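Q: I have a structure open on my screen and would like to learn how to read its features. Could you walk me through it?

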Amino acid sequence: MKSLAVMGSTGSIGRQTLDLVRQDPDRFRVAVLGAHSDVDGILDQAREFRPAVVGLDDEAAAKELRSLLDSGIEVVTGDELLDALTAAEIVINGVTGFAGIRVTERALLAGLRLGLANKESLIAAGELVLSLLGRGGELIPVDSEHSAIFQLLGRSRDRLPGLARLVITASGGPFREFDAESLKTVTVQDALAHPTWSMGPKISVDSSTLFNKGLEVIEAHYLFGVDYEQIAVVVHPESLVHSMVEFTDGTTLAQLSMPDMRLPISLALYHPDRSPLAHGSMSWAGSRTLTFEDVDLVRFPGLGLAFAAGRDGGGAPCWMNAANEVAVEAFLAGRIGWSQIYDTVASAMAGYEACTPMSIDEVVELDQRARSTATDLVKVYANA
């Protein structure tokens with residue numbers, strides 16, 4: 001039986017991970033649950049799965065949880081929660097945003113298997129995260145696109161002979177057919193209405209701007225050791241092909257399944273085996289159409305900005321990610337418009353001074369500086 005730490009347990013990835021545990025209770029045991037501040041959500045989970053440790057980032061929320069939870073389950077916060085990860089063999093990092101970087105760091109330092117759904121920690125500190133893998137840890141990508149490539153290649157950074165390029169698919173988001181004029185008036189509710197996936201607010205907005213796809217490009221660069229010139233993005237609205245790998249002889253391999261995040265999560269849990277329970281199985285009865293389109297970089301310029309930040313390397317992806325997180329938060333709060341997300345990030349990148357963080361602490365410091373810059377820009381756009 002494998003012991004799990006599920007971080008971000010009350011979010012979409014965390015809840016689906018626990019659903020997999022319910023389906024195979026003889027294979028997996030929950031040792032640690034972690035979330036930000038959702039007392040009710042993690043209380044229910046703790047009562048069901050009876051982990052040894054439950055943690056909340058918010059100290060006031062942790063105090064409330066402690067008063068409600070039965071004895072026998074330790075409630076911790078802060079670094080104590082990170083320390084508790086060593087009680088598990090597999091860590092699923094479903095934390096939203098840059099906040100997940102410490103989970104990634106601690107899991108790999110401890111030599112654990114890391115199922116990584118928190119792409120931002122790899123975006124912000126790619127080279128440093130890869131250096132931590134040398135300590136004996138294992139990283140299995142949980143994003144559907146990178147999970148697809150991982151399956152197609154059968155490995156991560158060990159290059160296959162004849163590999164030509166990676167083709168990452170994008171649904172196109174809710175605004176795929178909107179013209180430039182229509183995009184000026186989209187609302188938060190519009191942006192959250194993803195046509196294919198059910199996700200949290202932040203990643204749903206990122207999908208609507210295609211910044212999410214830009215982050216995935218940078219993530220693929222680090223995960224699979226390919227140059228940016230060997231990574232392409234195509235719009236595939238059916239969301240059945242989750243990514244493709246093209247070889248020099250013209251062969252293209254694709255991974256297909258119905259949209260179901262339990263499939264990539266299960267691959268991280270069962271690796272190198274596969275789950276005995278199917279998730280996302282395709283029905284091949286009847287006709288089915290697969291559509292592929294070019295990305296419109298005029299209407300969705302965030303993808304081009306991400307490619308540029310990735311090519312610049314160093315601290316540029318970290319700076320861009322931080323600015324985007326600030327801008328998305330401001331949009332969700334109704335302080336700026338949808339198109340001003342890109343404006344904020346682009347303006348923040350114009351003020352970035354090239355640097356190369358040499359530690360996770362330096363990455364955290366750079367992230368904070370970028371957030372300060374982006375926060376000032378948001379104030380300008382909000383008052384415009």
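This is a predicted model: local features need pLDDT of at least 70, side-chain atom pairs count only at pLDDT 80 or more; totals for chains, interfaces and linings use all residues.

Q: What is the peptide bond from histidine 271 to proline 272, cis or trans?

A: The general idea comes before the case: most residues other than glycine have a negative phi, and most peptide bonds are trans. Here the bond leading from histidine 271 into proline 272 is cis, and its omega is near 10 degrees.

Q: Which residues other than glycine have a positive phi here?

A: Arginine 50 and serine 239 are two to look at. For arginine 50, phi is near 50 degrees, and the residue belongs to the loop between helix H2 (39–49) and strand S3 (53–56). For serine 239, phi is near 55 degrees, and its loop runs between strand S9 (231–235) and strand S10 (241–247).

Q: Let's turn to helices. How do I read a pair of them?

A: Two packed helices are described by the angle between their axes and the distance between the axes. Take helix H12 (residues 211–224) and H14: their axes come within 7 Å and cross at roughly 25 degrees. Angles under 35 degrees count as roughly parallel, so H12 and H14 are roughly parallel to each other. Their crossing is right-handed.

Q: And how does H14 pass H16, in a left-handed or a right-handed crossing?

A: That crossing is left-handed. The axes of H14 and helix H16 (residues 339–350) come within 11 Å, again with a crossing angle of roughly 25 degrees. H14 and H16 are therefore roughly parallel to each other as well.

Q: Salt bridges next, please. How many salt bridges does the structure hold?

A: The structure holds 23 salt bridges. One of them joins lysine 213 to glutamate 145, with 2.9 Å between the closest N and O atoms. Lysine 213 is part of helix H12 and glutamate 145 is part of helix H8 (residues 144–153), so this pair ties together parts that are 68 residues apart in sequence.

Q: Are the two partners, lysine 213 and glutamate 145, buried or exposed?

A: Lysine 213 counts as buried, at 7% relative accessibility. Glutamate 145 is buried too, with a relative accessible area of 9%.

Q: Which residue does glutamate 293 meet in a salt bridge?

A: The partner is arginine 176, with an N to O distance of 2.7 Å. Glutamate 293 lies in the loop between H13 and H14, while arginine 176 lies in the loop between strand S8 (163–170) and helix H9 (180–183), so the pair ties together parts that are 117 residues apart in sequence. Glutamate 293, at 29% relative accessibility, counts as partly exposed. Arginine 176 counts as partly exposed as well, at 23%.

Q: Now the surface. Which residues make the nonpolar surface patch of about 410 Å²?

A: Leu256, Trp284, Leu290 and Phe292 make this patch. To see one member in context, find leucine 290 in the loop between helix H13 (262–270) and helix H14 (302–312). Leucine 290 is partly exposed, with a relative accessible area of 37%.

Q: One last feature: how should I read two residues set apart along the chain?

A: Compare their separation in sequence with the distance between their C-alpha atoms. Glutamate 120 and glycine 100 are 20 residues apart along the chain, and their C-alpha atoms are separated by 7.4 Å. Glutamate 120 belongs to helix H6 (residues 119–124), and at 7% relative accessibility this residue counts as buried.

Methods: Residues are numbered from 1 along each chain as its sequence is written. Side-chain values use heavy atoms; hydrogens and water are left out. Patches are made of residues with over 30% relative accessible area and no salt bridge: like charges are joined within 9 Å, nonpolar side chains (Val, Leu, Ile, Met, Phe, Trp, Tyr) within 5 Å. Accessible areas come from the Shrake-Rupley method with a 1.4 Å probe; for residues, only the protein chains shown count as cover. A salt bridge is a side-chain nitrogen of Lys or Arg within 4 Å of a carboxyl oxygen of Asp or Glu. Helices (H or I, at least four residues) and strands (E, at least two) are DSSP runs, numbered from the N terminus. Buried means under 20% relative accessible area, exposed over 50%, partly exposed in between (1.4 Å probe, protein chains only). Axes are lines fitted to C-alpha atoms, for helices over the stretch in contact, and angles run from 0 to 180 degrees between N-to-C directions. Angles under 35 degrees count as roughly parallel, over 145 as roughly antiparallel, 65 to 115 as roughly perpendicular and the rest as oblique. A crossing is left-handed if the near helix is turned anticlockwise from the far one by less than a right angle, and right-handed if clockwise.
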